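Student: I have a new structure open and would like to learn how to read it. Could we go through it together, one feature at a time?

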Amino acid sequence: MDEARWIGTTLAAARPQALAALLRYFRDLDLAEEAFQEACLRALRTWPQNGPPRDAAAWLAFVGRNVALDTVRRRAKQTELPPEEALSDTGDAEAEIAERLDGADYRDDVLRLLFICCHPDLPTTQQIALALRIVSGLSVRQIARAFLVTEAAMEQRITRAKARIGKADVPFEPPGPVERAERLGVVAAMVYLVFNEGYSAAGDTSAAREPLCEEAIRLARLLLRLFPAEPEVMGLAALMLLQHARAGARFDADGATILLDRQDRALWNRPMIAEGLALLDKAMRHRRPGPYQVQAAIAALHARAPAAEDTDWAQIELLYGTLEIMQPSPVVTLNRAVAVAKLRGPEAALALVEPLGDKLAGYFHYHGLRGALLMQLGRTREAREGFMTAIGLATTAAEAAHIRTHLDGLSQG
Amino acid sequence: MFYALLCYHQEDVVCAWTKEEDDAVMRKLAVVQERLAREGRLGPVARLLPTTAATTLRKDQDPPLVLDGPFAETKEQLLGFYLLDCENLEEALGIARELGAANPGGSYEIRPVGLFVDGGARP
């Protein structure tokens, strides 16, 4: 890695912390972003000569703040601040702000920066786009590519979202414990949305969207470093790592979905699985279960099975049962039915699936699973109808292709 | 003399590397490691998972306290280590420089090893 590249990575890594500190200082997102940009330009100019500072985030926050203040003061015809080259990076002034960056303020700063992207008035796609732009610092072009829209459309979406949160009242006082926990929950949900936006991509677009999964994992690690003892944050990070570990095995060469039991497990990312299992292990010690931990535990059972036949479906059924109590949803019941089918056969599973018909009539996976169960029971005509409905509801070519292989199987059988 | 080479780096920077950048660094490191292994100078090598996966047992109270996260909040984190068989510090520093050229940024702490037990367990 050459020097310019290394500086680029360092600036990207320091962005959430530095920008969050600047936002607290200026209480204005545009001004904070401008100050951060300015600080980055100075870093590119001075770091190659002076060497990188020990704490890049503190340096950027400090220089960014001074540059912006400088502009304000110059306008007011006051004395200029000394140029940042004259400031030692171990100087008292920086030590002071570095200390503040390390403290509890800094934790709440980053949480606030993430939280403003989760404004309830914003549709989820705008929340995701905003978080990627503001917190992760992805370019509009990168985000547009991930969302498969034009750069102009994405630019407009982000501008609109920013205008909305600009009008919103973001509290700058440090939050109390209850408020902090609430914010953390909202932010965790947004991070998982970012992940799913990448994870639910079809085979032909998965490469373009994979950065969203990686970005979500990075944000979860950031949250974990700020809130190291929160079991649900560990659960969220574990869940995403365990799911993303399968990325290399989820699609065939033509971009069609490969289901879990057909995936080549040698292609799963082992270090990612190890990290996910370690985090889940840590989370469970707290004995404060939550939906992310339960979902991570289910993903862990798949990850631990050396082959699909070794999967502990009994445990998976129990965990989906737990999730049904925590977060009742017909989709969770549908997932439990998959485990039931493996454990007690298609008839028992179908009994669980049929009553969901009203709520899931427009849901691709409902018709796909129902069709597969009917097919196993030899009810070919009904199975075909189910598969046809599923194809009509498929949102990606990969999904449709997958159902078509079932239909082909029916015609041959 | 056995030396431990403790690898410190800013974790958020390393985690921000793309897979390609990470792979490229690991490939360059592997070249040095393979040569050291041929020369019989390479002991165990470990890359540690992120500090977010760490747990700390504080023994300064009874019963000891289990805390989530690494032992100390530092600007650079312990991300891995090598054990090396070297004649002297100069030789250990030479290897550290070579590894450093393959993996820029961060610091290596070179610490002579007092006791080494090869328990035989392998991951």
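Student: What percentage of the 413 residues in chain A is buried?

Tutor: Let's begin with the general idea: a residue is buried if 20 or more other C-beta atoms lie within 10 Å of its own, exposed if 12 or fewer, and partly exposed in between, with C-beta atoms placed from the backbone. In chain A, buried residues make up 44% of the 413 residues. In chain B, buried residues make up 22% of the 123 residues.

Student: What should I know about the model and its numbering?

Tutor: This is a predicted model, where local features need pLDDT of at least 70 and side-chain atom pairs count only at pLDDT 80 or more, while totals for chains, interfaces and linings use all residues. Residues are numbered from 1 along each chain as its sequence is written, and chains are lettered from A and ligands numbered from 1 in the order in which they are written.

Student: How many helices and strands does each chain have?

Tutor: Helices (H or I, at least four residues) and strands (E, at least two) are DSSP runs, numbered from the N terminus. Chain A has 19 helices and 0 strands, and its C-alpha trace spans about 85 × 45 × 40 Å along the principal axes. Chain B has 3 helices and 6 strands, in the order β-α-α-β-β-β-β-α-β from the N terminus on. The C-alpha trace of chain B spans about 45 × 35 × 25 Å along its principal axes.

Student: Which feature does UniProt place on chain B?

Tutor: A UniProt record, from an unreviewed entry, places "domain: YCII-related" at residues 1-113 of chain B. UniProt positions are given in the numbering used here, feature names are shortened, and annotations may be inferred rather than shown by experiment. Over residues 1-113 of chain B, the chain is 35% helix and 33% strand, with end C-alpha atoms 8 Å apart.

Student: How do I read contacts, and what share of them joins residues at least 24 apart in chain A?

Tutor: Two residues are in contact if their C-beta atoms, placed from the backbone, lie within 7 Å. In chain A, among contacts between residues at least 6 apart in sequence, 62% join residues at least 24 apart. For chain B, residues 24 or more positions apart account for 75% of the contacts with a separation of 6 or more.

Student: How many residues does each chain give to the contact between them?

Tutor: Chain A gives 21 residues and chain B gives 18 residues. On the side of chain A that touches chain B, the elements giving two or more residues are α1 (3-26), α10 (206-226) and α12 (270-285) of chain A. Ala, Val, Leu, Ile, Met, Phe, Trp, Tyr, Cys and Pro count as nonpolar, Asp, Glu, Lys and Arg as charged, and the others, Gly among them, as polar. That side of chain A has 11 nonpolar, 2 polar and 8 charged residues.

Student: At what angle do helices α16 and α17 of chain A cross?

Tutor: Axes are lines fitted to C-alpha atoms, for helices over the stretch in contact, and angles run from 0 to 180 degrees between N-to-C directions. The axes of α16 (residues 346-353) and α17 (residues 364-376) of chain A come within 9 Å and cross at roughly 145 degrees. In their contact, Pro346(A), Ala349(A), Leu350(A) and Val353(A) of α16(A) meet Leu369(A), Arg370(A), Leu373(A) and Gln376(A) of α17(A). These residues divide into 6 nonpolar, 1 polar and 1 charged.

Student: Why does Ile258(A) count as partly exposed?

Tutor: Ile258(A) counts as partly exposed because it has 17 C-beta neighbours inside 10 Å. Ile258(A) lies in the loop between α11 (231-244) and α12 of chain A. Leaving aside neighbours within four places in sequence, Ile258(A) is in contact with residues including Phe251(A) and Gln263(A). As for α11(A), 14 of its 14 residues are buried.
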